[in-house]
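This report goes through one protein chain, from a single residue to the whole. Please look at the sequence and the structure before reading on.

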Amino acid sequence: MGLAAAAAQWARPVPDPAAAGMPPLDRLFPVAFGVWRVDPRAEMLVKPPQQQAKVYGIYDQVLERTYVDGQGARIMLLAAQGSEQSAGLQLHRPEVCYPGNGFRVRGVQRVVLRPAGHPVPGTRLHAWLPGRSEPITYWMVLGGEVVADSAAFRLRQLRFGLRRRLLDGMLVRLSSIDPDPERAYGQHARLADELAAALSSEARARVMGM
């Protein structure tokens, strides 16, 4: 029994040490970069990251912001980070959680974004309700590397689980209220590119696996 208990303790995954230095998300994501600024009117309606994390339950931190450019284009950003609940990111992929909130989802496609010239595998989809058209772009980072889809997520998670490593995870979602998905996707790519240019190398590694 003692040997079994010792083996179980040895086999228990431990959190990734790199996750311990994760800064608050509201400091990691700048309030202004390139042509984008946080919309102060929308900011008043958003809960602080710690409160949002409690709402979402499985994350350590959640940040919601709306950025606006000089032409009035608005993009909503959601970043959700978990140091020990990385499997929970799977539960909140937009193609899974949006239908649970009554949306129809169509046009799911795997894409490769190129912020600052670096390939970042992501996903685009169009969530729709009567009177609300919401094109979405998102990507997932697991242990400092962007994973292209749920299968790659599980494979990387399993590979490090065999080494008793519990990887830090982050989901970054960009979305717009726009009847023209292609226009919205172009704006999402532009925001991601300017965000990458504004971040430090360490912050880019955490946010985009770069």
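## One residue to start with

Is Val147 buried or exposed? The model is predicted, and in it Val147 has a relative accessible area of 5%. Residues under 20% count as buried, so Val147 is buried.

Val147 belongs to strand β9, which covers residues 145–147. In sequence, 26 residues separate Val147 from Pro121. In space, the C-alpha atoms of Val147 and Pro121 are 6.8 Å apart.

## The chain as a whole

The protein chain has eight helices and 11 strands. Of its 210 residues, 44% are buried. Contacts can also be sorted by distance along the sequence. Among those with a separation of 6 or more, 66% link residues 24 or more positions apart.

The surface can be described by area.

How many of the nine residues of strand β5 are buried? Seven of them are, so β5 (residues 74–82) is largely enclosed by the rest of the structure.

Strand β5 pairs with strand β4 (residues 61–68) in the antiparallel sense, over eight bridges. One of the bridge pairs is Thr66 with Met76 of β5. The hairpin of β4 and β5 has five residues between the strands, and Gly72 in this hairpin takes a positive phi near 90°.

Strand β5 also runs antiparallel to strand β11 (residues 169–175), and seven bridges join them. Here Gly82 has Gly169 of β11 as its bridge partner.

## The nonpolar cores

In soluble globular proteins, nonpolar side chains tend to be buried together. In this model, the largest nonpolar core holds 30 residues. Which of them touch the most other members? They are Leu28, Phe29, Tyr67, Trp139, Val207 and Met208. Helix α7 (residues 181–198) gives the most to this core, with four residues. Another core, of 15 residues, lies apart from the largest one and includes Ala80, Leu125, Ile136 and Leu171.

Leaving aside neighbours within four places in sequence, Trp139 is in contact with residues including Leu113, Val120, Pro121, Gly122 and Val146. Further along the sequence, its contacts include Met170, Leu171, Val172, Leu174 and Ala192. Val207 and Met208 are also in contact with Trp139, and both are among the residues that touch the most other members of the largest core.

Technical notes. Residues are numbered from 1 along each chain as its sequence is written. This is a predicted model: local features need pLDDT of at least 70, side-chain atom pairs count only at pLDDT 80 or more; totals for chains, interfaces and linings use all residues. Side-chain values use heavy atoms; hydrogens and water are left out. A nonpolar core is a set of buried Ala, Val, Leu, Ile, Met, Phe, Trp, Tyr and Cys residues joined through side-chain atoms within 4.5 Å. Buried means under 20% relative accessible area, exposed over 50%, partly exposed in between (1.4 Å probe, protein chains only). Helices (H or I, at least four residues) and strands (E, at least two) are DSSP runs, numbered from the N terminus. Contact means heavy atoms within 4.5 Å. Two strands pair if DSSP finds at least two bridges between them.
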